[in-house]
Amino acid sequence: MRYVDLFAGLGGFHLALDELGHECVFASEIDKDLRELYQMNFGMSCSGDINLVDPRDIPHHDILCAGFPCQPFSKAGRQEGLDHPKLGKLYLQILKVIRVHKPSYVLLENVPNLKNHGNGRSWAIIKKMLEEEGYNVDIKEISPHQYGIPQIRYRVYIVASLKPLEDISKRLKLGRRPKKIDLKSVLLTSPPDYRPVPMELMEKIDAWQEFLDLIPKEESFPLPLWGMEFGATYPFEDTTPFIMSLEELRSYRGSFGHKIIAASDKSEALSMLPSYARTSQERFPEWKVKYIRNSRDFFSKHKDLLSEWSKKIEKFNSSYQKFEWNCHEKNPLDEDRELSNYVVQLRPSGIRVKRPSTSPALVAMNMTQVPIIMWEKRYISPSECKRLQSMGKLKYLPNSWTKAYSSLGNAVNVAVARRVALAVVGRAHERQAGTGHSMVNGQLESAGIEERIMER
């Protein structure tokens, strides 16, 4: 069957549908550099901004694929959804193409929050629009790790068919558990495009290793742990610093126990607090109250052990003063607390530590958020991220690290897209056309690694 690849990016849908024997007849991508890469990788031209394309100029097709922009629906953004002045309207452009060509199948990919955005309003609108065009519609939330790929990265796939759409859950095998997965299965030996972690960042990570060494093994610690709360006394449970007078604030201590009494005005007093405590609210949300309380209780209990250590992290930027240990065991004595055995990611929310079984979700990352392979003291390379996105067959990536990481973070995971397409559309050759029943076992050709057989 013939398909179009809208908002094509690196061509995740293209790789997935090509593996099933279907033919791409049109692609569109607004980014000039990615359009040039599309030509290099797939040997076909890629049109620009879809808003400037007349749907009647697009070749007739049987399948429409689109990983349309996720920023309006992402929890990390302002969540304007379909009301976003530019990006939210792009879905309507997809609908224009659908109305002109009436493809038999529609495959759309986006962030999980699309389903819940606006209390479900955005998804309800999208679903209704497709149904009004005569489609049967379903939505599934899927992550690569469910198919043995070492990355937890949930995305929603909206599938629509002019024919009756059977429940595809059984075909997707989402209820199965993969065998043990390991990030090392996609790592390369000395990849040519790797970068070592700068010394100044390793010093910050090493400071938190010192913390782990100081805390007795039988002691667990909260997730997350906010270092700024060491010695802080400002009120947080029934009121907030923002609504207090300067005189009231002067009787408390701010970040790392520094006295606020010397503050000359309210602005200076607030600057002595952690950034998350300066918000213009009368009450903090319960989750924030919980995090502050847990951090203070922990530091109060261990102040003798941590008083000298806290002076080290006090010099760090605020994101390095927070620690997220995602490796807790039921019994703290069973925990391996050597950071050199884990994957670390430096995020605005803190230094996040994860087990080496899976990579943190690839998103449109800046350079500082790229996962660190601690046992090699290096960042995961773009070529390895390509394997995490099941794009092993993709020959060319952007030349710059920043653009490569960003485009891979925005990409559709090929193995997951292939599973969805196989369950809904099927293979091109007649033996499997329209069935998708043989989708379970075999090779993840695009991943470059052997597919794990799913077991209950």
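A residue is called buried when its relative accessible area is under 20%, exposed when over 50%, and partly exposed in between (1.4 Å probe, protein chains only). Helices (H or I, at least four residues) and strands (E, at least two) are DSSP runs numbered from the N terminus. The model is predicted: local features need pLDDT of at least 70, side-chain atom pairs count only at pLDDT 80 or more, and totals for chains, interfaces and linings use all residues. Residues are numbered from 1 along each chain as its sequence is written, and side-chain values use heavy atoms, with hydrogens and water left out.

First, select strand β6, residues 155–161; seven of its seven residues are buried. R155, Y157, V159 and S161 point one way from β6, whereas V156, I158 and A160 point the other way. In a regular strand the side chains alternate between the two faces of the sheet.

(Two strands pair if DSSP finds at least two bridges between them.) Here L108 has I158 of β6 as its bridge partner.

Finally, select helix α1 (residues 12–19) and helix α15 (residues 414–424). Which residues of α1 meet α15? They are G12, F13, L15, A16, L17 and E19, and they meet V414, A417, R418 and A421 in α15, where contact means heavy atoms within 4.5 Å.
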